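Here is a friendly walk through a protein model for someone meeting it for the first time. Have a look at it, then read on.

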Amino acid sequence: MSDSREHFGSGLRQAREDRALSLGDVASTTRVPRASLELIDAGALEGLPADVFVRGFIRSYARAVGVDEVAPLQGYDRALRARNEAARVQSSLPVVDPTMAGLPAADVADEVEVEEASSSRRGLGLAVFVIVLLLIATITLSLLLRRPPPSGEGLSLRSRGGASSPVSPLADV
């Protein structure tokens, strides 16, 4: 693997071609899906299943074409590390707002101030909305839970005989 274009699958592909085997032959021998074998042949990491499966596929492929599995597995590990390192570097790059790209520093500062002001207004509007909502809820609950004022209804009335007995409000109806 001295050539920089070689990858973990190139040695396997070369061994398969030297033995005049097709991908279909290897797929039927190893029971590895042909699509996965094609990706391994091409050295493509994207589209392959989970690493544990790919390692098994590489081992089976190497046995089927009669080569040592160590070199292709090491190449696969190197490719994974390179991909993970590239992803880590990409995730650590600062994000540039495309709307501010190419603007002079003064314009960028103005844009930031405008954005902060509108953000502040949105926060104030949300606070006012919450306060109004709490006020409405408080008034509604106070009206619903208010007890009727003691007006004398339902209190005991003197009956005609002079004895006091409680009278139901429905008794006079």
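A residue is called buried when its relative accessible area is under 20%, exposed when that area is over 50%, and partly exposed in between. Tyrosine 76, with a relative accessible area of 1%, therefore counts as buried. Keep in mind that what you see is a predicted model.

**The overall picture**

Let's start with the whole chain. It has six helices and two strands, and reading along the sequence gives the pattern α-α-α-α-α-α-β-β. The chain has 173 residues, and 17% of them are buried. Now take the contacts between residues at least 6 apart in sequence: 52% of them join residues at least 24 apart.

**An aromatic pair**

Back to tyrosine 76. Which residue does tyrosine 76 form an aromatic pair with? The count of aromatic pairs comes to one, and the partner of tyrosine 76 is phenylalanine 8. The two rings sit edge-to-face, 5.3 Å centre to centre, with 70 degrees between the planes. This pair links distant parts of the chain, 68 residues apart: phenylalanine 8 belongs to the segment before helix 1, and tyrosine 76 to helix 5. Phenylalanine 8 is buried too, because its relative accessible area is 2%.

**One side of helix 3**

Helix 3 covers residues 34-42, and its buried residues are Ser36, Leu37, Ile40 and Asp41. Why do these residues end up on the same side of helix 3? Because they cover an arc of only 140 degrees around the axis. The cover over the buried residues of helix 3 includes helix 1 (10-18), helix 2 (23-30) and helix 4 (51-65).

Let's zoom in on one of these residues. Serine 36 sits in helix 3, and it counts as buried because its relative accessibility is 8%. What does serine 36 touch, leaving aside its neighbours within four places in sequence? Its contacts there are Leu48, Pro49 and Phe57.

**Salt bridges**

Next, the charged side chains. Side chains of opposite charge can pair when their charged atoms come close. How many salt bridges are there in this model? The count comes to seven, and the table shows some of them.

| Arginine | Glutamate | Closest N and O atoms |
|---|---|---|
| Arginine 83 | Glutamate 46 | 3.6 Å |
| Arginine 63 | Glutamate 69 | 3.6 Å |
| Arginine 88 | Glutamate 85 | 2.5 Å |

Take the salt bridge between arginine 83 and glutamate 46. Arginine 83 lies in helix 5 (residues 70-92) and glutamate 46 in the loop between helix 3 and helix 4, so this pair ties together parts that are 37 residues apart in sequence. Arginine 83 is partly exposed, as its relative accessible area is 31%. Glutamate 46, on the other hand, is exposed, with a relative accessible area of 56%.

Arginine 88 and glutamate 85 make another kind of example. They are three residues apart in helix 5, so about one helical turn separates them. Arginine 88 is partly exposed, with a relative accessible area of 47%. Glutamate 85 also counts as partly exposed, at 38% relative accessibility.

That leaves the salt bridge of arginine 63 with glutamate 69. It belongs to a network of salt bridges that links Arg59, Arg63 and Glu69. Is arginine 63 buried or exposed? Arginine 63 is exposed, because its relative accessible area is 56%.

Which residues make the nonpolar surface patch of about 500 Å²? Leu126, Phe129, Val130, Leu133 and Leu134 make it. One of them, valine 130, lies in helix 6, which covers residues 105-145. Valine 130 is partly exposed, as its relative accessible area is 38%. A residue needs over 30% relative accessible area to be part of a patch, so valine 130, at 38%, is above that cut-off.

Conventions:
Residues numbered from 1 in each chain as written. Predicted model: local features only at pLDDT ≥ 70, side-chain atom pairs only at ≥ 80, totals over all residues. Heavy atoms only, no water. Patch = residues over 30% accessible without salt bridge, like charges linked within 9 Å, V, L, I, M, F, W, Y side chains within 5 Å. Areas by Shrake-Rupley, 256 points an atom, 1.4 Å probe, with all protein chains shown as cover. Salt bridge = Lys/Arg side-chain N within 4 Å of Asp/Glu carboxyl O. Helix = DSSP H or I, 4+ residues; strand = E, 2+ residues; numbered from the N terminus. Buried < 20%, exposed > 50% of the residue type's maximum accessible area, 1.4 Å probe, protein only. Arc of directions from axis to C-beta. Contact = heavy atoms within 4.5 Å. Phe/Tyr/Trp six-rings, centres within 6.5 Å; stacked < 30°, edge-to-face > 60°.
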